[in-house]
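Work through the exercises below with the structure at hand. Try each task before reading its solution.

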Amino acid sequence: MSFPARLEIPDEVIRIARKLEAAGFETWCVGGAVRDNLLGHANKDFDLATAATPPQVRQLFKRTVPIGIEHGTVAVLDRKRQPHEVTTFRRDVTTDGRHALVEFGVSLEEDLARRDFTINAIAYHPLNHEWRDPFDGAADLDARLIHAVGEPADRFREDYLRILRALRFAAKFDFTIEPNTRDAAAAAVPGLEGLSAERVREEWFRGLAGAQQPSAFVRLWEEMGALAIWLPELRGRQPTEPDQWTVVDRLGSSDALLATVYLSSDPEATLTRLKCSNADVERGRAVKRFRSSMPEPESAMEVRRWMSRVGDAVDDLVALSASAGGSELGEAVRKVRASGAPLAVAELAVNGSDLMALGIGEGPAIGRVLRQLLDAAIEDPTVNTRDLLLKRAADLATSTSRSPPPDREGRGAE
């Protein structure tokens, strides 16, 4: 690959680089945006690497955020208050596979040498339009290879998350992992056990969402042994029906969490291990609970009853159905919503206060009557008016008051 004469760098990034250079601090564009632009992928989120230390960066710019200051990273806010990462040239002093103690005051080449893969170790000078590629990352971009910088085993021992990053980049760009790099990653897989759930979760969801073929990303995790350690409920869950990998591919880029739920034999366990939010764990639990109870789209009443029963899980279940090639359920749900038919007690034309005014009582009695009214309105949405529901509620209260008390075995008197 021959480097272009220049990259189109956002004006705000140029402004930050120019100010650093004017103060005597060598500054380069590095990282993912450089790589992506060389591949022809749009990415304007350019990070800067500089000889300036974090205190010097913060002294030069009025608005900064110390987002990773112990590792040399400061976010400089531009005139629109958008952040741009500025990181001091650094090298690792000690690492334990999860954390690194870094040292500043090194050269650009030393900084590039600590990076994970050659395709991420290319630097571009935004003012002089110079290129630095000490590890032949451009050649690996041409060859479509994920290739570790220097000795692969050393790179993975420094940070075991790089194993998962290799899988993510391979799936994102449809690249091959260079054989020595792949062997070293496989040998280092046990180190994944020591990673934090938050870092693994981010790599997993980013990988699914960004993969050209999410199902291929899942298989990479399986082959590398990462599923066995972090997502055992997905291990060996290769779908048996031909169209099920298609579901994963359709869901992965739009809703990585739902794709994970779809593949997992126990979504609650999977999402809990990844320390997902309570809301996300509940999503997984609800999808598993209701996934086997899809309604017949042709019956509007059955669809209404189903929507009332599954509640917030409706959209996830519709997405699963659509990803499997079925558009009928989604269309039926849209029609129900457009009709304004009540699906929950709160959507009825009456409330508990209205029933108390009828003398029905309070607490459980009112709850029972409201649920009966909702059942009636789901069956026939035209009854959801105040007058009709109050009349029906009065009838229900009267019939209840006339019912014989249960005997000791819970039966009404005969």
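**Exercise 1.** Find how many disulfides the structure holds, and state whether cysteine 29 is buried or exposed.

Solution. The model is a predicted one.
Step 1: A disulfide is a covalent bond between the sulfur atoms of two cysteines.
Step 2: To be counted here, the two sulfur atoms must lie within 2.5 Å. The count for this structure is 0 disulfides.
Step 3: Residues under 20% relative accessible area are called buried. Cysteine 29 has 0% relative accessibility, so cysteine 29 is buried.
Step 4: Cysteine 276 has a relative accessible area of 11% and is therefore buried.

**Exercise 2.** Locate lysine 275 in the fold, and decide whether lysine 275 is buried or exposed.

Solution. Step 1: Helix H14 covers 267-273 and helix H15 covers 278-290; lysine 275 sits in the loop between them.
Step 2: Exposed means over 50% relative accessible area. Lysine 275 reaches 52% relative accessibility, so lysine 275 is exposed.
Step 3: Turn to the backbone. Most residues other than glycine have a negative phi. Phi of lysine 275, however, is positive, near 55 degrees.

**Exercise 3.** Describe the backbone and the surroundings of arginine 81: what is its phi, where is its place, and which residues form a positive surface patch with Arg81?

Solution. Step 1: Arginine 81 is a residue other than glycine with a positive phi, near 65 degrees.
Step 2: Strand S4 (73-77) comes on one side of its loop and strand S5 (83-88) on the other.
Step 3: Arg81 forms a positive surface patch together with Lys19, Lys62 and Arg63.

Technical notes:
Residues numbered from 1 in each chain as written. Predicted model: local features only at pLDDT ≥ 70, side-chain atom pairs only at ≥ 80, totals over all residues. Heavy atoms only, no water. Helix = DSSP H or I, 4+ residues; strand = E, 2+ residues; numbered from the N terminus. Buried < 20%, exposed > 50% of the residue type's maximum accessible area, 1.4 Å probe, protein only. Patch = residues over 30% accessible without salt bridge, like charges linked within 9 Å, V, L, I, M, F, W, Y side chains within 5 Å. Areas by Shrake-Rupley, 256 points an atom, 1.4 Å probe, with all protein chains shown as cover. Salt bridge = Lys/Arg side-chain N within 4 Å of Asp/Glu carboxyl O. Lys, Arg positive; Asp, Glu negative; His and termini not counted. Charge placed at Lys NZ, Arg CZ, Asp CG, Glu CD.
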